[in-house]
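Hello,

Here is the structure I promised to pass on. My notes on its charged residues and strands follow below.

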Amino acid sequence: AAQLAADLVAPVDGERVLDACAAPGNKTAHLLERAAADVLALDVDGERVATLEATLTRLGLAARTQTADARTVDSWWDGRAFDAILLDAPCSGTGVIRRHPDIKRLRRPRDIRELAALQARLLDAAWHTLAPGGTLLYATCSVMPEENADQVAAFLARTPDARAETIEAAWGRPAGDGRQLLP
């Protein structure tokens, strides 16, 4: 399911693409395999950026990488707009419980609220770096509506110049203005 993100972003040769929460780098690599794009891959954790860089090196791919918090745009953005942005946001991980069963015991109800607030800040920050007519793909590995359909609806409500595009696909199910794959 994670690899669908690059297909939805559909980068084109020469485009500027931001992978805003990029580590460990698998989606960044897939974007680069699809097109000779100018990709900036950010992650807030330096150790995870090192993993991202190792992934790209292993695959013989190149992207600009940076340890940075995508919310603090002034600390990393050069002012040139991105044609496409992939925001695979930090989330509760409730959609991958089968692979990480400890999530059931570690997550608390307040975690969903806190993560949803973080996701909203990431969306708002990313939006300001997107070129007019560009694509912003928001994704999570959560099944919670607060982190998915509700998050997208709230973003669209507070961002009048944004519009959702219908994803025509044979996979998943409609979920608000997006699609959702359930475990």
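A salt bridge here is a side-chain nitrogen of Lys or Arg within 4 Å of a carboxyl oxygen of Asp or Glu. The model is predicted, so local features need pLDDT of at least 70 and side-chain atom pairs count only at pLDDT 80 or more, while totals for chains, interfaces and linings use all residues. Residues are numbered from 1 along each chain as its sequence is written, and side-chain values use heavy atoms, with hydrogens and water left out.

Salt bridges first. The whole structure holds 10 of them. One network links Arg16, Asp38, Arg64, Asp78 and Arg80.

Two of its members also face each other across strands: Arg16 stands opposite Asp38 in S2. Strands S1 (residues 16–19) and S2 (residues 38–43) run parallel, paired over 4 bridges. Strands are DSSP runs (E, at least two residues), as are helices (H or I, at least four), numbered from the N terminus; pairing needs at least two DSSP bridges.

Other salt bridges include Lys27 to Asp88, with the closest N and O atoms 2.6 Å apart. That pair joins helix H2 to strand S4, 61 residues apart. Asp7 and Arg34 meet at 2.8 Å, N to O. They sit in helices H1 (residues 4–9) and H2 (residues 26–34), 27 residues apart.

Arg48 and Asp43 meet at 3.7 Å. Asp43 is buried because its relative accessible area is 6%, whereas Arg48, at 39%, is partly exposed. The cut-offs are under 20% for buried, over 50% for exposed and in between for partly exposed (1.4 Å probe, protein chains only).

Best wishes
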